[in-house]
Amino acid sequence: MDKDSRIYVAGHRGLVGGAILRRLEEAGYTNLVTRTHAELDLTDQLAVEGFFAEEKPEYVFLAAAKVGGILANSTYPADFIRENLLIQTNVIDAAHRHGVRKLEFLGSSCIYPKLAPQPLKEEYLLTGPLEPTNEAYAIAKIAGIVMVKSYRRQHGLNGISLMPTNLYGPGDNFDLESSHVLPALIRKFHEAKMSGSTQVVVWGTGTPRREFLHVDDLAVAAVFLMENYDDEQIINVGVGEDVSIADAAALVADVVGYDGEIVYDTSKPDGTPRKLLDVSRLFAMGWRPKFDLRRGIADTYEWFLAHVTSAGNC
Ligand code: GDP
């Protein structure tokens, strides 16, 4: 990518796309193309086609997706499979037909089989059944991976697929019904602290383990891999270590300054017991994350205080 290459970031209002856009700007890329959801509905094939014909992007970061936490995924599986299949099909196909030089597709660590050995190596894809709470989302992402690979094989599309682990950071969704665990806990502990409540409810048993990657670290990896990775094989992006939900909750409580009780609601699902990525292929290329979890949570809490609470949403 040259500094003046025409680069389209699909999903720039989202957690991932927003971070990639910030990273590209920081790195001196000047010819960036974006569209809000209101300006371009990526589930509309004709609209996507028209956009590519008009804007002719040379590089595409496909970070647009319908995403959500464990409850949203298990409650609205039809929306998750439909919207993701449409968005990625339209964008990947248009990228091929309009001569895009390179496309980067963002997947997820939930594509791996629920009971695959840990840490999860890229080659474990499609070796066993998926975690039921996010099967629809995972199947859509797997279809995207196979689509990128197939367009490479049949049409020569230069496409790569990244599998980030659980992401969090500035710009996250803090809605308690649809968010992922870290933003939910930041909000819950903050609200308990402010209201003087002595109990915070954490879903599940607290024993599942998750690996958390700050979205600014993902963005650095996404630009780095766009510039340096050309393989057909998917590539994992993570930090290489995980924590239990109970440990994550204790850490968030500490950062936020909540010292009350933490109780577990075991009527809520745990989801997959563990999904730690094997990041040895990415680490061998020299990339490392910069945020440790405590600093990342503190950074996200700061963003929450500035953007969510001040907007009167809290
Ligand atoms: P997952 O990684 O796809 O399972 O997605 P989540 O980030 O939504 O959930 C991760 C784990 O955190 C699951 O075991 C949840 O049950 C647990 N968890 C605990 N409290 C919460 C909460 O308040 N919100 C969410 N989304 N998850 C929670």
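1. The lining of the largest cavity consists of six nonpolar, two polar and no charged residues. In this classification Ala, Val, Leu, Ile, Met, Phe, Trp, Tyr, Cys and Pro are nonpolar, Asp, Glu, Lys and Arg are charged, and the others, Gly among them, are polar. The lining residues are Asn166, Leu167, Tyr168, His180, Val181, Leu182, Pro183 and Phe212. Two or more of them come from each of β6 (166-168) and α6. Helices here are DSSP runs of H or I with at least four residues, strands are runs of E with at least two, and both are numbered from the N terminus.

2. This is a predicted model, in which local features need pLDDT of at least 70 and side-chain atom pairs count only at pLDDT 80 or more, while totals for chains, interfaces and linings use all residues. Residues are numbered from 1 along each chain as its sequence is written, and side-chain values use heavy atoms, with hydrogens and water left out.

3. The volume of the largest cavity is about 30 Å³, and a search of the whole structure finds one cavity of 30 Å³ or more. The search runs on a 1 Å grid over the protein atoms alone; a cavity is a set of points where a 1.4 Å probe fits but cannot get out, a pocket is an open set with protein on both sides within 12 Å along at least five of seven lines, and lining residues have an atom within 4 Å of a point. Points are joined across faces, edges and corners, and the volume is the space filled by probe spheres set on them.

4. The second largest pocket has a volume of about 210 Å³. Its lining has seven nonpolar, no polar and four charged residues. The residues that line this pocket are Tyr168, Arg210, Phe212, Val239, Glu241, Asp242, Val243, Pro289, Phe291, Asp292 and Leu293.

5. Which residues come nearest to the ligand? Of the 17 around it, they are Ile70, Lys188, Arg210, Pro269 and Asp270; a residue counts as near if one of its heavy atoms lies within 4 Å. By class, the shell around the ligand has eight nonpolar, five polar and four charged residues. Both α6 (181-195) and β7 (199-203) supply at least two residues of the shell, and α6 gives the most, with three.

6. A polar side-chain atom of Lys188 is 2.7 Å from a ligand oxygen atom. Ser179 has a polar backbone atom 2.9 Å from a ligand nitrogen atom. An N or O atom in the side chain of Asn166 lies 3.1 Å from an oxygen atom of the ligand. The ligand on its own has 540 Å² of accessible area, of which the protein covers 98%. These areas come from the Shrake-Rupley method with a 1.4 Å probe, and for residues only the protein chains shown count as cover.

7. For Lys56 the angle is about 45°, and the residue sits in the loop between α2 (45-55) and β3 (59-62). Lys56 is exposed, at 53% relative accessibility; exposed means over 50% relative accessible area, buried under 20%, and partly exposed in between (1.4 Å probe, protein chains only). For Leu126 phi is about 65°, and its relative accessibility of 59% also makes Leu126 exposed.

8. The loop that holds Leu126 runs between β4 and α5. Pro119 is in the loop between β4 (102-106) and α5 (135-155), and a cis peptide bond with omega of about -5° joins Gln118 to Pro119. Glu131 is in the loop between β4 and α5 too. Is Glu131 buried or exposed? With a relative accessible area of 5%, Glu131 is buried, and its side chain makes a polar contact of 2.4 Å with the side chain of Thr133.

9. Asn84 belongs to helix α4 (residues 77-97) and is buried, at 1% relative accessible area. Its side chain reaches the backbone oxygen of Phe80 at 2.8 Å and the backbone nitrogen of Lys66 at 2.9 Å.

Note on methods:
A polar contact is a pair of N or O atoms within 3.5 Å; within protein, one must be able to donate a hydrogen and the other to accept it, and residues adjacent in sequence count only if both atoms are side-chain atoms.
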